[in-house]
Amino acid sequence: MVIKVVCYGVRENEVAYFHKLNKYNFELTLIEDLLTHDNIETTRGMDAVLLRGNCIADRKNIAMMNEYGVKYLFTRTVGFNHIDLQAAADYELDVARVPSYSPNAIAELALTLAMSLLRHTAYTTNRTADGNFMVNSVMFSKEIRNCKVGIIGTGKIGLTEAKLFKGLGAEVLGYDIYQSEEAKEVVTFKEMDELLQESDIVSIHVPYFPGKNDKMINDAFISKMKDGAILINTARGELQDNEAILRAIQSNKLEGFGTDVLPGEERIFFKNFNGEKEALDATVQELINLYPRVLITPHIGSNTDEALSNMIETSFENFNDMLTTGRTENAIPLPEKNRLSS
């Protein structure tokens, strides 16, 4: 029996990977667009759906998937807040995710953003691109080996970044509720306030818990940071208060800010606003206007060969496990099913 799988958010450079890694010979339909209310019709006749972040899998779309015969609703991401789990339970769709992938992908981007801001490379190359080769005081910087780097969240990604920075000679501080023995070999654990006060660079790697740590990077958080520090967020956009960060850059409390995420990014990322009537959020636009002190990448942390392979391989294993055994270890527990009105 041939299993039909429709995959959304498949970029041009990813197509070859999907086909190369398709060892179970699924019948793949690869769609570049994210799943929305406007293209839900493309799930008709499919056995399975594979999402990426910012796809819309709300009750409306899940009801349509059920009507179209979809049995499996999987995502190739760690996070799954784009899926209405109650709706999935009500319509008896199995849900699974990719619990992890190459930690180097995110860690390397965080380090790259931090080093670019520390050495003012975007500022400098902008000038040379315009033919200006004069050296000024903005281009002066500390060496990373003379800096303290604070990693908030020392799980797989945070620890990988800590190792990268330590390899460059930086003193690396860490904060985590759970202090692993492996992390203790790399970082010096501090209380949060101490880490913020001492660090020249602060990098965030904590999960987002709705209603618990929304906007944890706020005025109070930033006020505890070292004057002239650099802030990096490659975790979740909902962790940051854009207005607080904007004020900190404008007042020079922060030297720079680098992020791969934004709150409500599904309204922004993977869209081209050049010449579009739809306007960007005013605060986001002001942050963009502060380039090159603010560096924003459109959620490309996992956009590497290794991470992509990990996500596709795990997703295909999830499908195969469900088809052959009726379960997968990466299944997302669903709430109790509600009775649907006829």
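**Ground rules.** I kept in mind that in this predicted model local features need pLDDT of at least 70 and side-chain atom pairs count only at pLDDT 80 or more, while totals for chains, interfaces and linings use all residues. Residues are numbered from 1 along each chain as its sequence is written, and side-chain values use heavy atoms, with hydrogens and water left out.

**Entry 1: the cores.** I looked up nonpolar cores, meaning sets of buried Ala, Val, Leu, Ile, Met, Phe, Trp, Tyr and Cys residues joined through side-chain atoms within 4.5 Å. Buried is under 20% relative accessible area, exposed is over 50%, and partly exposed lies in between (1.4 Å probe, protein chains only). The largest core has 27 residues, and Ile152, Ile204, Phe221, Ile222, Met225 and Leu231 touch the most other members. Among the elements that each supply at least two residues of this core are helix H9 (219-223) and strand S10 (229-233). Helix H10 gives the largest share, 5 residues. I took helices (H or I, at least four residues) and strands (E, at least two) as DSSP runs, numbered from the N terminus.

A second, separate core holds 25 residues, including Ala114 and Val186.

I then picked Ile222: leaving aside neighbours within four places in sequence, it is in contact (heavy atoms within 4.5 Å) with Ile217, Ala244, Ile245, Ala248, Lys253 and Leu254.

**Entry 2: Asn320.** Is Asn320 buried or exposed? It is buried, at 16% relative accessible area. Asn320 sits in helix H12 (residues 305-325), and beyond its neighbours within four places in sequence it is in contact with Tyr24 and Phe26.

**Entry 3: salt bridges.** I counted a salt bridge when a side-chain nitrogen of Lys or Arg is within 4 Å of a carboxyl oxygen of Asp or Glu. My search of the whole structure found 17.

- Glu92 pairs with Lys337, with the closest N and O atoms 2.9 Å apart. The two are 245 residues apart, Glu92 in the loop between H3 and S5 and Lys337 in the segment after H12. Glu92 is exposed at 56%, and Lys337 is partly exposed at 43%.
- Glu198 meets Lys148 at 3.2 Å, N to O. This pair links helix H8 to strand S6, 50 residues apart. Glu198 is partly exposed at 23%, as is Lys148 at 27%.
- Lys184 meets Glu181 at 3.3 Å. Both lie in helix H7, 3 residues apart, about one turn of the helix.

I also noted that shared partners join Glu14, Arg52 and Arg76 into one salt-bridge network.
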